[in-house]
Amino acid sequence: MEDMLEDTVLVNLRINGRLHELEIPAHKSLLDLLREDLNLTGTHMGCMTGHCGACTVSIDGRVAKSCITLAATLGRAKITTIEGLTQDDGTLSALQQAFWDNAGFQCGYCAPGMLLCTVELLETNPDPSDADIDTALAGNLCRCTGYQSIRRAVKAAITTTKEGAPQAAE
Ligand code: FES
Ligand code: FES
């Protein structure tokens, strides 16, 4: 048992565009790898059981809960964390700005899941209905109960994308 816990696996992860060759203990979660080893603390630790969404990242273009993902299983995956959503010059993306402008961030604990799930939604459905937005974000708990503000922020981001300028959403 002790030997098993000490096993390591070599992976080559591209995280937010940067290649990391890492020797990872077989039992280490992606969440712990990001926070403890790579200092990417924007990915939050919540329930640790896959229920709250605070630890959400994107793995090869699909959202995933990093607390229940073993890092050693990821091989050569491309991972985007919330830190990877900013623009190249470090300023906020249109989506992040829309959250900021529409009170989509209160404490911000749910932000990783809310933002990354919205990115995935808008890649496949650029004009979602309210029901589509609610379904896409359903796996994320907002402890501040800011669901209305978050939906308003998503709609503002859609308007910004369509019209090229920030707009207040309905
Ligand atoms: S911390 Fe991963 S889903 Fe809650
Ligand atoms: S803004 Fe606080 S948990 Fe959602």
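In this predicted model, residue E23 lies in strand β2, which spans residues 18–25. E23 is exposed, because 9 other C-beta atoms lie within 10 Å and the limit for an exposed residue is 12 or fewer. Apart from neighbours within four places in sequence, the contacts of E23 are T8 and L10. E23 and D60 are separated by 37 residues in sequence, and their C-alpha atoms are 20 Å apart in space.

D60 belongs to the hairpin of β3 and β4, where two residues lie between the strands, and its phi is positive, near 50°. Strand β3 comprises residues 56–59 and pairs with β4 in the antiparallel sense, over four bridges. Within this pairing, S58 has V63 of β4 as its bridge partner. Strand β4 covers residues 62–65; V63 and K65 form its covered face, whereas R62 and A64 form the uncovered one. In a regular strand, side chains alternate between the two faces of the sheet.

Positive phi values also occur at two loop positions. M48, which is not a glycine, has a phi of about 65°. This residue is placed in the loop between α2 (30–37) and β3. M48 has 15 other C-beta atoms within 10 Å and is therefore partly exposed, a class that lies between the limits of 12 or fewer for exposed and 20 or more for buried. T145, likewise a residue other than glycine, has a positive phi near 55°. The loop that holds T145 runs between α5 (130–136) and α6 (147–163). With 10 other C-beta atoms within 10 Å, T145 is exposed.

Helix packing was examined for α3 and α4. Helix α3 consists of residues 94–101 and helix α4 of residues 111–124; the two pack at an angle of about 130°, and their axes are 11 Å apart. The helices are therefore oblique to each other, because the angle falls between the range of 65 to 115 degrees for roughly perpendicular and the values over 145 for roughly antiparallel. The crossing of α3 and α4 is right-handed. On the α3 side, the contact involves L95, Q96 and F99, which meet L115, T118 and V119 of α4. Of the residues in this contact, four are nonpolar and two are polar, while no charged residue takes part.

Key. Residues numbered from 1 in each chain as written. Chains lettered and ligands numbered in written order. Predicted model: local features only at pLDDT ≥ 70, side-chain atom pairs only at ≥ 80, totals over all residues. Axes fitted to C-alpha atoms, helices over the stretch in contact; angles between N-to-C directions. Parallel < 35°, antiparallel > 145°, perpendicular 65-115°, else oblique. Left-handed = near helix turned anticlockwise from the far one by under 90°. Contact = placed C-beta atoms within 7 Å. Nonpolar A, V, L, I, M, F, W, Y, C, P; charged D, E, K, R; others polar. Pairing = 2+ DSSP bridges.
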